[in-house]
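Here is a short briefing to read alongside the sequence and the model. Keep the 3D view open and follow the topics in order.

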Amino acid sequence: DDGSRLWLKYDLLKDTQQRESYIALTKYISFTHDSPIVATAANELQLGFEGLLGKKVSFLRNISGKTGGIVLEVNSDGASVQNLADDGFAINHLKGNIVISAKTPSGVLYGAFELLRNIQTGKNISKIAITNNPKVKIRMLNHWDNANGTVERGYAGSSMWKWTELPFRIDPRYIQYARANASIGINATSINNVNASSRFLTPEYLEKIKAVADVLRPYGISVFISVNFASPRTLGGLKTSDPLDPEVRKWWNDKTKEIHEYIHDFGGFLVKANSEGQPGPQDYGRTHADGANMLAEAMRPFKGIVIWRAFVYKADPNGDRFKEGYDQFKPLDGTFDPKVIVQVKNGPIDFMPREPFHPMFGAFPKTTLGMEFQITQEYLGQSTHLTYLAPMFKECLDSDTYAQGKGSTVARVIDGSLESHQNSLMAGVANTGSDVNWTAHPFNQANWYAFGRLAWDYNLSSEQIAAEWIAMTLTKNKTAQDKINTLMMQSLPVYISYTYPLGTAHMMGEGHHYGPEPWLAKSGRPDWTSVYYHRADSVGLGFDRTGKVSNALSLYKPEVRKQWGNADECDLNYLLWFHHVPWTKKLSTGRTLWDELCFRYYDGVEQVRKMQTNWESLKNEIDTETFENVQGRLKIQEKEALWWRDACVLYFITYAKMPIPAPLVPPARSLDEVKKLVEIYHLR
Ligand code: BDP
C-alpha cells in the first residue's frame, strides 16, 4: 500500500456477516436534487460501497415504496432539517430507508461521508440516528505553495499544484485531494504561499486557478488566493499601493471583479502584510485595518471575504515578540469591516510544539478572529518524527480565556458563539505535497485528518479521531488499533520531552528549522536567535514574562495570570514560557530545574525507543510498505531525539555548571561535536 488513498481506502470488508448486514441496507442510492455536489455524494457512496461491500449499487430517481436503500435529500424546511446549519446533516431511518437530509447539497455530501465512515469503522448502521452540525463555518487549508513548485515549510516533496500544466492538464490528484478534504468537512483552500507572488493575480494564473476551482467546486470547496499587498505597484504599474489612494482602491476593485469573471464563487483573499519583510499598509503609514478594509470594499459586491493575518512582529532586541500581534492589533479592535476575519496563530510566537494560547483570543470582542494551526510540522519533527497533533490543537481550543468568565474557551472565541460573530474560521497550514502518500510520514496523514475533524467539531476527542483514522487507514485488528492509538497519544508529549521540555521554545536550527541549535545567538534579527527565547545564564533558564523583564502575562485575564503567574504553581509544561527559574530551584516533581530538564531530555529518547519496540510488535497487522516506512522513520527519530538531547543538555550544562544527575549517563560526544552536526546544514 503506497498510502496514496489516504483514509479513503474502501477495501473489501473481510467480515462476511458484517458485510451482509451493510449490503441489506444499501440496495440503491436515490436522489432527485440536480446539484453537482449531490452527484458527488452519490458517486462517492457508490465508490465506497463497491469497494467496502464488493457490489455496484445503482442510482434510482424514484423509489416509490421501495425500502432498504439510501436516500439523499436536500430539503429546506422539513422536520428532519429543522435543527441543521447550512453544512449540517441528519442521517435517519425513515420508512425503511437510510435518509441523509440536509438544507444544502454540501450538507448531503458531508452526511454521505459520515455514513461511509460509519461503515469503514465497522459501526452498526441499522439504527443510525445522527444530527450533526459543524462548529466552524470556514474550515480551510492554507497552502504555502509557490509558483515555482516549491513549498514553504513543505516536507512531502514539491507542490501538488502543477502550475506549468494548468489549465490544460488536470492532475487526477486534485480530485483525490478534493475527496479527502470533503470527507473531513474542509470547505475552503487558499492555494498559494502567504509570502505571496503577484503572479497569482495575472490573467495567466487566474485561468489556472479557475481550472483548480472548477475541480474543487463539486466537492464543496471554495478557493482563496494569498495576495501580495504591493500588487497595485508591482503588477498594476501604479506609483503606490497605499490603501487610501483612490487609484489603488480602484485597482483592487477592478482586480476583484476580474477574478470573479474566472471564479464566480471566489472565496476571498488571504493576506500576510508587514510581516517578515512582506509589504503592507504600514509602508504608507496606514494600519492593518486600512489595508484589510480596502480589500473588503473590493469584495463588497461579492460573497467572499478577506482574511488578514495577525502574525506580525518588529525586530526589537528589548521587546518581547510574545506581545507584538496583540499590541499592533489591539487599537484596531472594532475598526475592521464585517467582511474581514483576522487570522491568529494558536500561540503568540510561531507554532512552537507547545505555546500558551495567543493572548488575542478573548481580548478582541469586536473583531472576528480565526484560528491558524500549522499542520505541516515545521517545528514538530517535519517528516521524520511521529507526532500526532490533535492533542496540541485541542490544548489550545480548550484553553479558557476567561473573557466572559469561566468557560470562555478559545474554541468559543473561534466559533463565534462567545462574542456573537456571524462568521467563523479555522485554518490549517497544509502538509500536502507531491509525495505519493501526500505527507511523507504516513502518520502525518493523521494530522491532516485530525485538523479537518476538529474544525468540524472541536469536541471530538483526540483518541476518537485517532481511532477513526487508524481503522480507516491502517488496520481492522482491534488490539493493533489500540496499540497504535496509545502510540499516537504518547507521541506529542514524547516529542516535546526531547525538544522543548518545561516550556522552552524556539531553539531550532537557523533558517531551515531542522534539528537543535540552542546556542544560536546571532541572526538577521534578535528574535530569530535561540538565546532571545531561552535566556539561559548562570542563574537559571526561561523568559520572565511576569513583569520584571516583559509584562506579556498582563495581556491575559486575571484568572489566566493567576494560573501562570507564580513559578511555584505554574503548570510545568508552561513554566519557562513565563519564568526565569534558577537551576537549583526545586520543582513540584521533587527535582531541581536542572535535574528535571535532564530527566525530560533523557526520558524523551527512551520513550522513542519504546515507540520503536511497540511499532515492531505490529509487524503482522500492518501492510508491509507502510510498516517499513514508519519503521525507518522511527530510526531517524531516535537518532534525532538523541541529537536534540545531547545538543540541549551539553549546551545548558555550560550555564548550569552541575553534573548530569545519576543514573543518567552523560552524552558520549562533546558540545563541539554536536555543534558540527548543525554546521553541516549550513554548508553551501
Ligand atoms: C513561520 C515560517 C515562515 C512563514 C511564517 C508565516 O518559518 O516560513 O512564512 O511562519 O507564518 O513559521 O508567515
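In which loop is Glu-276 found? Glu-276 sits in the loop between strand S10 (268-271) and helix H8 (288-299). Please keep in mind that this is a predicted model. The points below start at the ligand and then move to the domains, helices and backbone details.

**Ligand surroundings and annotated site**

- The residues surrounding the ligand are Glu-152, Arg-153, Val-194, Asn-195, Lys-272, Glu-276, Phe-311, Asp-350, Phe-351 and Glu-378.
- Sorted by class, this shell holds 6 charged, 3 nonpolar and 1 polar residues.
- Glu-276 counts as partly exposed because it has 14 C-beta neighbours inside 10 Å.
- Asp-350 is found in the loop between strand S12 (340-345) and strand S13 (369-374).
- Asp-350 has 18 C-beta neighbours inside 10 Å, so it counts as partly exposed.

**Domains and database ranges**

- The protein is divided into domain 1 (16-132), domain 2 (138-461) and domain 3 (496-543 + 580-680).
- Between the C-alpha centres of domain 1 and domain 3 there are 49 Å.
- From an unreviewed entry, UniProt lists residues 6-115 as "domain: Alpha glucuronidase N-terminal". Over residues 6-115 the chain is 35% helix and 22% strand, with end C-alpha atoms 18 Å apart.
- UniProt, again from an unreviewed entry, lists residues 119-438 as "domain: Glycosyl hydrolase family 67 catalytic". The span 119-438 is 26% helix and 14% strand, and its end C-alpha atoms lie 24 Å apart.

- Helix H9 (residues 321-329) is mostly covered, with 7 of its 9 residues buried. Among the buried residues of H9 are Phe-322, Tyr-326 and Phe-329, along with the charged Arg-321 and Lys-323.
- The buried residues of H9 pack against H8 and S12.
- In helix H12, 13 of its 13 residues are buried.
- How far apart are the end C-alpha atoms of helix H12 (residues 444-456)? They are 19 Å apart, which agrees with the 18 Å that its 13 residues should span at 1.5 Å a residue.

**Backbone details**

- Most residues other than glycine have a negative phi, and most peptide bonds are trans.
- The peptide bond from Leu-166 to Pro-167 is cis, with omega near 0°. Pro-167 is found in the loop between strand S7 (138-142) and helix H4 (172-183).
- Ala-662 and Pro-663 are also joined by a cis peptide bond, where omega is about 5°. Look for Pro-663 in the loop between helix H19 (624-656) and helix H20 (671-680).
- Trp-438 has a positive phi, near 80°, and is found in the loop between strand S14 (425-429) and H12. Trp-438 is buried, because 25 other C-beta atoms lie within 10 Å.
- His-506 has a positive phi, near 55°, and lies in the loop between helix H14 (478-499) and helix H15 (531-534). With 23 other C-beta atoms within 10 Å, His-506 is buried.

**Start of the chain**

- Asp-2 is placed in the segment before helix H1 (16-25).
- Is Asp-2 buried or exposed? Asp-2 is exposed, because it has 12 other C-beta atoms within 10 Å.
- Leaving aside residues up to four places away in sequence, Asp-2 touches Val-436, Asn-437 and Glu-625.

Conventions:
Residues are numbered from 1 along each chain as its sequence is written. This is a predicted model: local features need pLDDT of at least 70, side-chain atom pairs count only at pLDDT 80 or more; totals for chains, interfaces and linings use all residues. A residue is near a molecule or strand if its C-beta atom, placed from the backbone, lies within 6 Å of it. Helices (H or I, at least four residues) and strands (E, at least two) are DSSP runs, numbered from the N terminus. A residue is buried if 20 or more other C-beta atoms lie within 10 Å of its own, exposed if 12 or fewer, and partly exposed in between; C-beta atoms are placed from the backbone. Two residues are in contact if their C-beta atoms, placed from the backbone, lie within 7 Å. The expected span of a helix is 1.5 Å times one less than its number of residues. Domain bounds come from an automatic or database domain assignment. UniProt positions are given in the numbering used here, feature names are shortened, and annotations may be inferred rather than shown by experiment.
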